[in-house]
Amino acid sequence: MNIDQYIKLWNQASIHVLDVQHHFIPYEQYVSPYPLPENGFLYTVRGHALIHVDHTAYPTERFHMIHSGKGSILQIEVLDELLEYYLVLYRPQLLLSNSNVYALTDHHYVLDTSYALKPHHPVIVHDKIKQLQQAWTHIHLLQEFQVRSSFMQIVYDILEQLQTDQAQNTTTDLVTQAIRYIHEHYELPLTIDSLAATLECSPRHLARLFRNSDIGQSPSDYLIRFRIQKASELLIHTELTLQDIAMNVGYQDGYYFSRMFKKYKGLSPIRYRQERRQQLWSPNMTSTMSDFSIVGLDVHRYSDNDSQNHTLSGGTFMMHNPIRRSAVLMLLLSFTLLLGACSTPTSSTTPISEGNSNKQSASGDNATQGSTRTITHDLGSTEVPAEPKRIIVLEQGFTQTVAELDVKPVGVADDDKPERFPQDTLAYIEGYTSVGARSEPNLEVMRTLKPDLIIADTSRHSNVYEELSAIAPTIVFKNDTANYEDIMASTRAIGEALGKSEETTAMLENHQQQLAKLKQSINRNQSVLIIAADEEASQSFQVRTDQAFHSSFLQAVGLNYALSDTEEVSQLMTTEQLLAIDPDQLLILINEDDPSVLAGQKDNLLWNQLKAVQTGKAHEVELAKWSRQRSIPALTHIMSEATTYFQ
């Protein structure tokens, strides 16, 4: 925008203030997209929001000014508990009788320019806005003169600041572009690297700009919060299932989406839906003096001719067309495979079309052939380097196994929570690159690490096996749904893939010795059950069956595990169902940020009838240690606890 020309137009224009509105919008109150009937200044005085003008998003907090022209589509998303703002609508008219204006009439659109700024003297501007609003709402003879006078004082402050700050703020521009891109593509597998590449800047520079801007957080965290916000709207205003909502906001795994939602909202998605629908209310959002309401209008694009309106279908955030979305995903997948085909070495591994898709039998022997060896896994057989050097591990239990065998991975799926690893494992693998969540690893980051081996989980990663294999040779084993014997078998195979067969054998032999000692130190004549409070229902529990890793390990020790199931690793049960089983021992899984189950159930009469509760044998144990960490090395950390519990 040419500031000098903009100021010149203001000098020549006749200004008519048409409305002064004062609004309060609570958090999560849906506000329909609003076409500005005239030019307007929007000034925020409380709260944090994203204010969209057409296709540009402006992050705002207290004391921000946004200007836009007639016909612009305004969309407001409140990010805090309450947003308070003023909206001043005005009409500029150029005085065509003035000969100095003829040269400017072709540039009349400049007065409609959208921009945002944070006033240098916000308290003074706020006072002037309040004076303007008071003059508008109190009718007296000098009202029109006072309104115009107050308004022009505000405009003068704005023009003075624009003239002072003529140099465009590159930081705001890049952040705004990034925000807009996130809003339009949040359902895709975005990363800070891909976002930075789109904006033609470095990821580190983009992250620094975000932290130093009004956003005040990383691009990744902003993306997560935005996805959770969109999921909140879908939970309240639609009947979509959790899996459908997860897919619509960019998560392929419904369980992972539920975990992320609870982390950021403090409630499970189902409970959030129930409580918010009960609390939903619709306060009057408009000024009593307003001729132009900002809520509940049909969306129309205003043209220069007031007699012609063109409908703008939908809002800023409609659900994405599944056909369009699938086409985009297929395009991205094709591009990913093309890049993988161009960059994956072929001299030391069998091509994907031959080595990874053809199922070779175990009788093919795992003997080293040249510089590779064949590893049989849950999805077939894969040629891997005889001595892999750059390894990516996509499951926590496998990471512990790799570290125990003195191999440092270059990449780990750590859910962005490295603190959940045991301290000895974390200390050894220090310096790795996070490749995101276990349920949704970041393929772009993985590709930049140039791995020569990927170790993945059967239940989590079978659907992306081909994509993983396009990056590097990939072997896949059960971990998330594995039992004790599954882990024993996968440990041997992983050790072989790493060229560490002898070290693996020694580790397993040492484990068997510890197991024998544990059997001798406990009372095996008792039953046990592992449970966790269910996220969706306060009086229900997720109960591990004998198919789960830690449950089957306790069976291997000689204890009587109290719940059998030939297929599932977990069952949902009520307190009554627990009482029907009534085990001697209860191990209650507690996450690091979960409330105490024992304290929460102390007034539950049925709970207090459980034998384990009455005898003091209901123990709260770390979920990470007794559920998430599924590996032979992890068992070393729980054996001492088991000795204490099962005496």
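How many bridges join β4 to β7, and do the two strands run parallel or antiparallel? In this predicted model, β4 and β7 are joined by 5 bridges and run antiparallel.

β4 and β7 belong to an open sheet of 4 strands, arranged in the order β2-β7-β4-β5 with antiparallel pairing. The edges are taken by β2 (34-35) and β5 (56-60), each of which has a single partner strand, so one side of each lacks a neighbour in the sheet.

The contacts can be followed across the sheet in that order. β2 pairs with β7 over 2 bridges in the antiparallel sense, and Tyr34 has Leu74 in β7 as its bridge partner. From β7 the sheet continues to β4, where Ile51 has Ile76 of β7 as its bridge partner. Strand β4, residues 49-53, then pairs with β5 over 5 bridges, again in the antiparallel sense. On that side, Ile51 stands opposite Tyr58 in β5.

## Strand β24 and its two partners

Another covered strand is β24, which spans residues 585-590. Here 6 of the 6 residues are buried, so β24 is largely enclosed by the rest of the structure. Gln585, Leu587 and Leu589 point one way from the strand, while Leu586, Ile588 and Ile590 point the other way.

β24 pairs in the parallel sense with strand β20, residues 527-533, over 5 bridges. In this pairing, Leu529 is found opposite Leu586 in β24. β24 also pairs with strand β25, residues 618-622, in the parallel sense and over 5 bridges. Ile590 has Glu622 in β25 as its bridge partner.

## Salt bridges

Side chains of opposite charge can pair when their charged atoms come close. The count of salt bridges in the model comes to 16.

| Pair | Distance (N to O) |
|---|---|
| Glu38 and Arg91 | 2.6 Å |
| Asp584 and Lys611 | 3.2 Å |
| Lys389 and Glu387 | 3.9 Å |

What does the salt bridge between Glu38 and Arg91 tie together? Glu38 lies in the loop between β2 and β3 (39-46), and Arg91 lies in strand β8 (residues 82-94), so the pair ties together parts that are 53 residues apart in sequence. Glu38 is buried, at 6% relative accessibility, whereas Arg91 is partly exposed, at 32%.

The side chains of Asp584 and Lys611 also meet in a salt bridge. Asp584 lies in the loop between α21 (575-581) and β24, and Lys611 lies in helix α24 (residues 611-614), so this pair ties together parts that are 27 residues apart in sequence. Asp584 is partly exposed, with a relative accessibility of 22%, and Lys611 is partly exposed, with a relative accessible area of 34%.

In the pair of Lys389 and Glu387, the closest N and O atoms are 3.9 Å apart. Lys389 counts as exposed at 59% relative accessibility, and Glu387 counts as exposed at 57%.

Salt bridges also form a network that links Glu395, Asp415, Arg438, Arg460, Asp480 and Arg630.

## A negative patch and a buried threonine

Which residues gather in a patch of negative charge on the surface? They are Glu404, Asp406, Asp424, Glu502 and Glu503. Glu503 is part of helix α19, which runs over residues 501-521. The relative accessible area of Glu503 is 37%, so this residue is partly exposed.

Is Thr491 buried or exposed? Thr491 is buried, with a relative accessible area of 1%. Thr491 has its place in helix α18, residues 484-497. The C-alpha atoms of Thr491 and Thr401 are separated by 7.0 Å, although the two residues are 90 residues apart along the chain.

Note on methods
Residues numbered from 1 in each chain as written. Predicted model: local features only at pLDDT ≥ 70, side-chain atom pairs only at ≥ 80, totals over all residues. Heavy atoms only, no water. Pairing = 2+ DSSP bridges. Patch = residues over 30% accessible without salt bridge, like charges linked within 9 Å, V, L, I, M, F, W, Y side chains within 5 Å. Areas by Shrake-Rupley, 256 points an atom, 1.4 Å probe, with all protein chains shown as cover. Salt bridge = Lys/Arg side-chain N within 4 Å of Asp/Glu carboxyl O. Lys, Arg positive; Asp, Glu negative; His and termini not counted. Charge placed at Lys NZ, Arg CZ, Asp CG, Glu CD. Buried < 20%, exposed > 50% of the residue type's maximum accessible area, 1.4 Å probe, protein only.
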